[in-house]
Amino acid sequence: MVLVAQLIGALLGLLTVVFGAFGAHLLKKTFTAEQLNSFETGVKYQMYHALLILMLSFNLNLETGLEKAIIYCLIIGTILFSFSIYGLCISASKGNKIKILGPITPLGGLFLVVGWGLLFYSFIKNLI
């Protein structure tokens, strides 16, 4: 599980740099200021969580159900949150907004909140 988390964390980090450059150079010409801001939010959250996934993979054994749940929530949440934002922004800039992606963004955010909450719980659990 550690290797899987490291691979996914590294891939998410790599894609963050690619998407960030893509947004800064190519999409800047076709996006509105609001779309560019939303796209950048997706990129920021993706990088924050890629780094968190990597950090956890190097510091936890990822053997317990709780540790695995934290990683799964962070991975699923990052993909749902950031990639739905990318899809919404790109499709809207082309005049054909994919509306089904709208509800996916907060669902991804919910997974991220649960992942952070479980991480917090794991720290409290270790204190007691």
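Author: Happy to. Let us begin with Thr 105, which sits in helix H4, the helix of residues 104-127. Please keep in mind that this is a predicted model. Thr 105 has a relative accessible area of 13% and is therefore buried, the cut-off for that word being under 20%. What does Thr 105 touch, once its neighbours within four places in sequence are set aside? Its contacts are Leu 80, Phe 81, Ser 84, Ile 85 and Leu 88.

Further along, Gly 108 also has its place in helix H4. Gly 108 counts as buried because its relative accessibility is 0%. Leaving out neighbours within four places in sequence, Gly 108 is in contact with Gly 77, Leu 80 and Phe 81. Leu 80 and Phe 81 were on the list for Thr 105 too. Looking back along the chain, Asn 96 is 12 residues away from Gly 108, and their C-alpha atoms are separated by 22 Å.

Now let us cross over to the partner helix. H3 covers residues 65-93, and Leu 66 lies in it. With a relative accessible area of 19%, Leu 66 is still buried, because the limit is under 20%. Which residues does Leu 66 meet, apart from neighbours within four places in sequence? They are Leu 118, Tyr 121, Ser 122 and Lys 125. Leu 66 and Leu 118 are 52 residues apart along the chain, yet their C-alpha atoms are separated by 7.2 Å.

The axes of H3 and H4 come within 7 Å of each other and cross at roughly 155°. That angle makes H3 roughly antiparallel to H4, because angles over 145 degrees fall in that class. As for handedness, H3 passes H4 in a left-handed crossing.

H3 has other partners as well, so let us stay with it for a moment. Helix H2, residues 33-59, has an axis that comes within 9 Å of the H3 axis, and the two cross at roughly 160°. H2 is therefore roughly antiparallel to H3. The crossing of H2 and H3 is left-handed.

The loop between H2 and H3 has a detail worth a look: Leu 62 is located there. Most residues other than glycine have a negative phi. Leu 62 is not a glycine, but has a positive phi of about 55°. Is Leu 62 buried or exposed? It is buried, since its relative accessible area is 1%.

On to H1, residues 2-25, whose axis comes within 12 Å of the H3 axis, with a crossing angle of roughly 20°. H1 and H3 are therefore roughly parallel to each other. From H1, the contact is made by Ala 5, Ile 8, Leu 12, Leu 15, Phe 19 and Phe 22. From H3, the residues taking part are Ile 71, Ile 75, Thr 78, Ile 79, Phe 83, Tyr 86 and Ile 90. Here too the crossing is left-handed.

Cys 73 counts as buried because its relative accessibility is 11%. Cys 89 is buried as well, at a relative accessible area of 5%. How many disulfides does the structure hold? The count is zero.

The protein chain has four helices and zero strands, and from the N terminus its elements run α-α-α-α. Its C-alpha trace spans about 50 × 25 × 20 Å along the principal axes. Of the 128 residues in the chain, 38% are buried.

Finally, the record. An unreviewed UniProt entry lists residues 44-62, 69-88 and 100-124 under "transmembrane region". In the model, residues 69-88 are 100% helix and 0% strand, with the end C-alpha atoms 28 Å apart. Residues 100-124 are 84% helix and 0% strand, and there the end C-alpha atoms are 38 Å apart.

Notes. Residues numbered from 1 in each chain as written. Predicted model: local features only at pLDDT ≥ 70, side-chain atom pairs only at ≥ 80, totals over all residues. Heavy atoms only, no water. UniProt positions renumbered as here; feature names shortened; annotations may be inferred. Disulfide = S-S within 2.5 Å. Buried < 20%, exposed > 50% of the residue type's maximum accessible area, 1.4 Å probe, protein only. Axes fitted to C-alpha atoms, helices over the stretch in contact; angles between N-to-C directions. Parallel < 35°, antiparallel > 145°, perpendicular 65-115°, else oblique. Left-handed = near helix turned anticlockwise from the far one by under 90°. Contact = heavy atoms within 4.5 Å.
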